[in-house]
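Here are my notes for your first look at this one. Please keep the model open as you go through the points.

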Amino acid sequence: MAKRVAAGLMRHLITIKEHKIDAGTTAYDSFGQLSKSSTAWATGITTRGAIEQLSGDEAIVARQIYPHATYRVTVDYNSTLASTGGSRRAVVFGSRFMHIGAVLNEDMENVQLQLLCGEER
């Protein structure tokens with residue numbers, strides 16, 4: 001059974017944005033990922049989630065999946081997000097803009113999703 005985050009710990013109101021491909025508005029950051037300054041980002045989902053900074057062994061393991069992983073964001077299961085993965089999506093929390101590098105559905109239970117994210121610098 002996968003580790004679940006209690007509903008009371010999912011206290012961060014986040015927005016998951018999706019990049020719409022448009023040749024005139026596509027810009028890239030220093031990691032070669034889509035830039036937050038690009039005007040082609042559209043709001044996809046607004047939900048509650050738990051944002052945790054990765055450290056120690058967790059960070060080492062997460063970076064084997066997504067090399068820029070610095071945060072793990074846990075959200076309730078969403079079939080759209082799970083089926084398309086993290087490519088061209090980002091989590092926005094306040095002024096923080098975190099690219100989603102991987103979407104993990106642990107044990108395929110369809111209860112919660114773990115998003116491995118890297119913050120744009």
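1. Start at C117. Leaving out residues up to four places away in sequence, C117 touches Y66, H68, A69, T70, Y71, V73, V91, M98, H99 and I100; a contact here means heavy atoms within 4.5 Å. A word on the source: this is a predicted model, where local features need pLDDT of at least 70 and side-chain atom pairs count only at pLDDT 80 or more, while totals for chains, interfaces and linings use all residues. Residues are numbered from 1 along each chain as its sequence is written, and side-chain values use heavy atoms, with hydrogens and water left out.

2. Where does C117 belong? Which residues touch the most other members of the largest nonpolar core? They are V91, L115 and C117, in a core of 15 residues. (A nonpolar core is a set of buried Ala, Val, Leu, Ile, Met, Phe, Trp, Tyr and Cys residues joined through side-chain atoms within 4.5 Å; buried means under 20% relative accessible area, exposed over 50%, and partly exposed in between, with a 1.4 Å probe and protein chains only.) At least two core residues come from each of β1 (12-19), β2 (41-53), β3, β5 (96-104) and β6 (112-119). Helices (H or I, at least four residues) and strands (E, at least two) are DSSP runs numbered from the N terminus. There is also a second, separate core of seven residues, with A59, A69, A102 and L116 among them.

3. Next, look at β4, residues 89-93. Four of its five residues are buried, so the strand is mostly covered. β4 runs antiparallel to β1, joined by four bridges, and I16 has V91 as its bridge partner there. Four bridges also pair β4 with β5 in the antiparallel sense, and in β5 the residue opposite V91 is M98. (Two strands pair if DSSP finds at least two bridges between them.) β4 and β5 make a hairpin with two residues between them, and G94 in the turn has a positive phi of about 60 degrees.

4. Now the loops. Y77 sits between β3 (71-76) and α2 (79-84), while N105 is in the loop between β5 and β6. Is N105 buried or exposed? N105 is buried because its relative accessible area is 16%; Y77, at 29%, is partly exposed.

5. Not counting residues up to four places away in sequence, N105 touches Y77, N110, Q112 and L113. Beyond its neighbours within four places, Y77 is in contact with A82, N105, N110, V111, Q112 and L113. Y77 and N110 are 33 residues apart in sequence, yet 5.7 Å apart in space, C-alpha to C-alpha. The side chains of N105 and N110 make a polar contact at 2.6 Å. (That is a pair of N or O atoms within 3.5 Å; within protein, one must be able to donate a hydrogen and the other to accept it, and residues adjacent in sequence count only if both atoms are side-chain atoms.)
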